[in-house]
Amino acid sequence: MKAMKMWKLSGLVLILTIARVAMAQELKKEFVDPQLQEARSTAVKIKGGTLVFLAGHTASQPRPDADLGNFDVQFKAVFEKIGNTLAKAGGNLDDIVSMSVFLTDLRYTPQFQKMAKEIFKKDFPAMTFIEVSHLARPQSVMEVQPIAVLP
Amino acid sequence: MMVAKRLAVFVVLYFAALSQPINAQDREMVIPVPQSAYSQAVKVKGGTLVFLSGVGPIDEKGVLLAPGDFPGQVRATWEHMRRIMAKVGGSLDDIVTMTVYTTERRWGEIFTDMRKEVFKTGYPSSAFMEARKLLTPGALLEIQAIAVLKD
C-alpha cells in the first residue's frame, strides 16, 4: 500500500515537472489587430521562444556595381536572403514578428505590402515603413531589418 | 482525506515556489540621460515582449490629428500608443526602447521635453532621426517601439 502511494507520488512529480518545463518553454504568439490591407499587425505579443535580431538585409551582391534589378526582383532577393539567414538560425520567414522597412520611395509601399501578403498569409508581423534618402548601395531601393522569435 | 490535502498543498507549493523566477521581471535602466529623457540601455529579464508597428498621430479611424503642429502630433502619438498598449494589457511605462522618426530633426528638443512628461518610472532607450518621408501623409513623426509587459 505504501509503496503504491510512493509510486503514485513520484509519477505525479514527474508529470508536474514536465508540465512546468513545457509551460516555461512554450512559445505564445499573439497578432494584435491585424491589418489585412497593409499586411501588418498593429502589435505582436510574445511569451517564451528564442529571439533573433537580424541585420538590415538588402539585395546587394558581392560585386559593388552589380545590377540589383527592379523593385520586385529586389524584394525577392531580400526575402530569400532573410530566409537563408533565418534557416541558419534554425527558423524560417514565418518566425518574423517585426520588421523595419526602409525604402528610397514610399510609393513602393503598396507593392511591398502586396508581396508581403503572399509570404505571411495571415500572421503579419508588426511593420514600420520609413523613406530614407540613401541606402548603403546606390542601386538598393529597400532594406529590411527583421526580428524573429523561434519556438 | 489527509493524503489528498497534503497532495493539494504540495502541488500548490510546487508551482508557487518554482514558477516565481520564471515569471518575475527584472528591469534596469542603464546610464539614464534625464535631460533628454532616455537611457543608454535598458536591461530586462522575463516578461512578455510586445513589438509595435510604427505609431503615428492618428485617431481610431486613421485620421491625421493636429496637422502642421508638432507638439500636438507628439501628444496625439502618445495617445495612440496608450490605446495600443491598453489593448495588449499594458501601459506606456512598459516600453523599453523606441526609434523616433521625424521629418525635421530640429524638433528633437521639443520631443524629448514632451517625453519627460510621459515616462515616470524610467526612460526607455531611444534613437531619434530624420526620415525623408513618413507613411501617413502630413505626419511629422512616427515611433516604432518595443515593450515588455510584467507577467
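Two residues are taken to be in contact if their C-beta atoms, placed from the backbone, lie within 7 Å. The model described here is predicted.

**Helices α2 and α3 of chain B**

In chain B, the residues B:Phe70, B:Pro71, B:Val74 and B:Trp78 of α2(B) meet B:Ile110, B:Phe111, B:Met114 and B:Val118 of α3(B). Sorted by class, this contact has eight nonpolar, no polar and no charged residues. Two packed helices are described by the angle between their axes and the distance between the axes. For α2(B) and α3(B) the angle is about 35° and the axes are 10 Å apart. Their crossing is right-handed.

Helix α2(B) has 18 residues. From its first C-alpha to its last, α2(B) reaches 26 Å, close to the 26 Å expected at 1.5 Å a residue. The buried residues of α2(B) are B:Gln73, B:Val74, B:Ala76, B:Thr77, B:Met81, B:Ile84 and B:Met85. These buried residues pack against β3, α3 (108-118) and β7 of chain B, and also against β2 of chain A. After α2(B) comes B:Gly89, which has a positive phi near 90°.

Helix α3 of chain B also holds B:Arg115. B:Arg115 counts as buried because it has 22 C-beta neighbours inside 10 Å, and the cut-off for a buried residue is 20 or more. From B:Arg115 to B:Trp78 the C-alpha to C-alpha separation is 9.0 Å, although the two residues are 37 apart in sequence.

**The contact between the chains**

The contact between the chains takes 27 residues from chain A and 21 residues from chain B. On the side of chain B that touches chain A, at least two residues each are supplied by α1 (2-23), β3 (48-52), α2 (70-87) and β7 (141-149) of chain B. The element that gives the most to this side is β3(B), with five residues. By class, the side of chain B that touches chain A has 13 nonpolar, four polar and four charged residues.

Strand β3(B) is also joined by four bridges to strand β2 (residues 40-47) of chain A, and the two run antiparallel. Within this pairing, B:Leu49 in β3(B) is the bridge partner of A:Ile46.

A:Ala39 has a phi near 55°, and A:Lys121 has a phi of about 60°. A:Ala39 is found in the loop between β1 (28-35) and β2 of chain A, whereas A:Lys121 lies in the loop between α3 (109-120) and β5 (126-131) of chain A. A:Trp7 belongs to helix α1 (residues 2-25) of chain A. The table gives the surroundings of these residues.

| Residue | Other C-beta atoms within 10 Å | Class |
|---|---|---|
| A:Ala39 | 22 atoms | buried |
| A:Lys121 | 9 atoms | exposed |
| A:Trp7 | 10 atoms | exposed |

A:Ala39 is buried because 22 other C-beta atoms lie within 10 Å, and 20 or more are needed for that class. A:Lys121 is exposed because it has 9 such atoms, and A:Trp7 is exposed because it has 10; the cut-off for an exposed residue is 12 or fewer.

A:Trp7 and A:Ser98 are 91 residues apart along the chain, and their C-alpha atoms are separated by 48 Å.

Definitions and conventions:
Residues are numbered from 1 along each chain as its sequence is written. Chains are lettered from A and ligands numbered from 1 in the order in which they are written. This is a predicted model: local features need pLDDT of at least 70, side-chain atom pairs count only at pLDDT 80 or more; totals for chains, interfaces and linings use all residues. Ala, Val, Leu, Ile, Met, Phe, Trp, Tyr, Cys and Pro count as nonpolar, Asp, Glu, Lys and Arg as charged, and the others, Gly among them, as polar. Two strands pair if DSSP finds at least two bridges between them. The expected span of a helix is 1.5 Å times one less than its number of residues. Axes are lines fitted to C-alpha atoms, for helices over the stretch in contact, and angles run from 0 to 180 degrees between N-to-C directions. A crossing is left-handed if the near helix is turned anticlockwise from the far one by less than a right angle, and right-handed if clockwise.
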